[in-house]
Amino acid sequence: EFLEFEFRPDGKLRYANNSNYKNDTMIRKECNVNLPVLQELARVIEEAEIMYEDDKMWPAPDRIGRQELEIVHKNQHICFNTSKIGSLVDVNSSKDPDGLRAFYYLVQDLKCFVFSLIGLHFKIKPI
């Protein structure tokens, strides 16, 4: 099972969610977002200061799972890999709790951001 999303520079948002919950099938969605949304995304990434982090001291992916984050922002390209993080206890017990905490919170923020955009864009019945 995995969750994947991608923001393209042209404003295309691609979302895929493959969950085994109740034998669910893969969910794929695409939509376009405007420049202010992309600017907010850039602001969130910049404020997280994740581009200054390094995953060398983070727990390696294992049989329980993995988390990956790839960011291409301005002229920087960075990839992170770590084991699945269950809670902040896992973060605090790591060899680099500050860096892993920045990763953990950024991933949470990005997931909320994407779920909000997808939910708003594909809402079937207006409130």
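Trainee: What should I know before I start?

Mentor: The model is predicted, so local features need pLDDT of at least 70 and side-chain atom pairs count only at pLDDT 80 or more, while totals for chains, interfaces and linings use all residues. Residues are numbered from 1 along each chain as its sequence is written, and side-chain values use heavy atoms, with hydrogens and water left out.

Trainee: OK, how many helices and strands does the protein chain have?

Mentor: There are 3 helices and 5 strands. Helices (H or I, at least four residues) and strands (E, at least two) are DSSP runs, numbered from the N terminus. From that end the order is β-β-β-α-β-β-α-α.

Trainee: And what does the C-alpha trace span along its principal axes?

Mentor: About 45 × 40 × 25 Å.

Trainee: How much of the chain is buried?

Mentor: Buried residues are 34% of the 127 residues. Buried means under 20% relative accessible area, exposed means over 50%, and partly exposed is in between (1.4 Å probe, protein chains only).

Trainee: Let's look at α1. Which of its residues are buried?

Mentor: Val-37, Leu-38, Leu-41, Ala-42, Val-44 and Ile-45. They sit on the same side of α1, because they cover an arc of only 160° around the axis. That arc is taken from the directions from the helix axis to the C-beta atoms.

Trainee: What's on the other side of α1?

Mentor: Leu-35 and Glu-47 are there, and they are exposed. As background, an α-helix has 3.6 residues a turn, so residues three or four places apart point the same way.

Trainee: What span should α1 have?

Mentor: At 1.5 Å a residue, its 14 residues should span 20 Å, and the end C-alpha atoms are 20 Å apart, which agrees. The expected span is 1.5 Å times one less than the number of residues.

Trainee: Is Cys-31 buried or exposed?

Mentor: Cys-31 is buried, with a relative accessible area of 6%. Ile-71, in strand β4, is buried as well, at 4%. The C-alpha atoms of Ile-71 and Cys-31 are separated by 19 Å, and the two are 40 residues apart along the chain.

Trainee: What about pockets? How much space lies in the largest pocket?

Mentor: About 1700 Å³. A pocket is an open set of points on a 1 Å grid over the protein atoms alone, where a 1.4 Å probe fits, with protein on both sides within 12 Å along at least five of seven lines; lining residues have an atom within 4 Å of a point. Grid points are joined across faces, edges and corners, and the volume is the space filled by probe spheres set on the points.

Trainee: Which residues lie nearest its centre?

Mentor: Leu-3, Glu-4, Phe-5, Glu-68 and Leu-69, out of 43 lining residues. β4 gives the most to the lining, with 8 residues.

Trainee: How does the lining divide by residue type?

Mentor: Into 22 nonpolar, 8 polar and 13 charged. Ala, Val, Leu, Ile, Met, Phe, Trp, Tyr, Cys and Pro count as nonpolar, Asp, Glu, Lys and Arg as charged, and the others, Gly among them, as polar.

Trainee: Last one: what's phi like at Lys-74?

Mentor: Phi of Lys-74 is near 55°, a positive value in a residue other than glycine. Most residues other than glycine have a negative phi. Lys-74 is in the loop between β4 and β5 and is exposed, at 69% relative accessibility. Asn-75 lies in that loop too, and Asn-75 is exposed at 75%.

Trainee: Where is Glu-49?

Mentor: In the loop between α1 and β4. Glu-49 has a positive phi of about 55° although it is not a glycine, and Glu-49 is partly exposed, at 48%.
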